[in-house]
Amino acid sequence: MIPEIIFVNKQTEFLGWKYIVKTLTKSFDVVRSVKTMSQNIYSILLPTFNEKDNLPIIVWLLVKYLDQSQLNYEIIIIDDASPDGTLDVAKQLQKIYGEKKIVLRPREAKLGLGTAYIHGIKHASGNFIIIMDADLSHHPKFIPEFIELQKKENLDIVTGTRYLGDGGVFGWDFKRKLVSRGANFLSQLLLRPNCSDLTGSFRLYRKDVLQELVSRCVSKGYVFQMEMIVRARELNYTIGEIPITFVDRVYGQSKLGGTEIFQFAKNLLYLFATT
Amino acid sequence: MTKLMEWVFVLSLFFAAYIAIVTKQIQSDVFDNWMFEVKVAPVILVLLFGVYAASTVLYRVFTFNDCPEAAEELQRQIKEAREDLMSRGFRFIESN
């Protein structure tokens with residue numbers, strides 16, 4: 001294969017075609033990149049369970065910021081049969097914003113985060129997928145920053161981080177911060193993942209990259225996010241980071257108990273031993 | 001190589017050298033003169049690492065941004081969103 005390339009190069013140089021060929025390829029590349037830039041579609045996956053108060057606000061904010069940046073997007077709401085009427089709320093939002101922007105993909109029962117992503121990807125028409133929590137802890141104002149960084153560095157994944165730059169968390173006491181920082185230190189030490197926020201769940205993925213990662217991940221719950229980034233490192237995907245502010249649940253309960261910490265430790269050791 | 005194997009590899013190299021020196025398989029005046037320090041080296045290293053880990057984590061806890069402005073902005077926007085949505089005919093389901 002290599003000698004062939006050398007041969008072709010020599011040919012074109014000899015005929016004086018090299019310059020013309022180069023210019024033509026270059027201008028073709030420019031045309032193609034401009035075309036794909038304007039054709040990018042972003043599918044935002046919102047898995048919900050009992051989020052009737054938060055869902056209308058998060059959708060309103062998404063529409064506000066994404067329209068402002070003139071992006072092509074769709075919001076895919078995956079409700080796991082919430083008993084509080086989240087699906088009715090979603091239907092009302094669909095009436096207001098239209099079926100192109102708001103896509104409903106409800107499921108029959110509470111089936112977990114990993115399968116929610118698979119379910120969402122299957123119905124997503126975008127070439128990029130954004131995952132975030134629907135509980136208002138992730139602010140949509142950061143999404144245009146994610147997209148800009150992705151384009152600039154042609155990245156596979158952009159993840160929000162609470163631990164760098166202007167990033168941070170509102171509503172955490174000393175104990176919660178200590179657990180978070182301690183867990184982060186330990187996982188950085190053991191896994192060296194090229195990413196400062198392993199358990200963050202505010203991320204932008206190329207669609208095929210997310211598909212590949214989800215199919216490889218075995219863990220459940222929020223440790224799933226950690227596994228995704230570790231697998232991404234394994235597969236040599238490129239990862240960028242944007243500092244985000246995380247505002248802990250305004251409505252409803254935030255959860256961090258003994259079981260979460262145990263789950264985290266178990267998965268950390270599992271990934272340490274297997275990746 | 002998994003991360004676990006990397007750790008096992010580096011640690012076993014370290015302990016192989018350590019045991020060789022302590023059991024005098026490797027002869028040197030330097031090791032003879034500093035035998036006590038060499039013997040306690042692993043304990044010292046573990047303690048130093050502990051101090052490093054604790055101070056790093058505590059420093060990061062105290063410099064963790066609280067971002068009260070982000071929470072205020074969100075509260076303002078929640079109000080704005082509710083008003084705008086209601087003006088478009090959205091009905092909030094009141095709870096409790």
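This is a predicted model: local features need pLDDT of at least 70, side-chain atom pairs count only at pLDDT 80 or more; totals for chains, interfaces and linings use all residues.
In chain A, strand E4 is joined by 4 bridges to strand E7 (residues 203–206), and the two run antiparallel. Strands are DSSP runs of E of at least two residues, helices are runs of H or I of at least four, and both are numbered from the N terminus; two strands pair if DSSP finds at least two bridges between them. Residues are numbered from 1 along each chain as its sequence is written, and chains are lettered from A in the order in which they are written.

E4(A) is also joined by 4 bridges to strand E1 (residues 41–48) of chain A, with the two running parallel. Here A:Tyr42 stands opposite A:Phe128 of E4(A). From strand E4 (residues 128–131), A:Phe128 and A:Ile130 point one way and A:Ile129 and A:Ile131 the other, and all are buried. A residue is buried if 20 or more other C-beta atoms, placed from the backbone, lie within 10 Å of its own, exposed if 12 or fewer do, and partly exposed in between. In a regular strand, side chains alternate between the two faces of the sheet.

Chain B has 4 helices and 0 strands. Of its 96 residues, 5% count as buried. The C-alpha atoms of chain B fill a box of roughly 85 × 30 × 25 Å along the principal axes.
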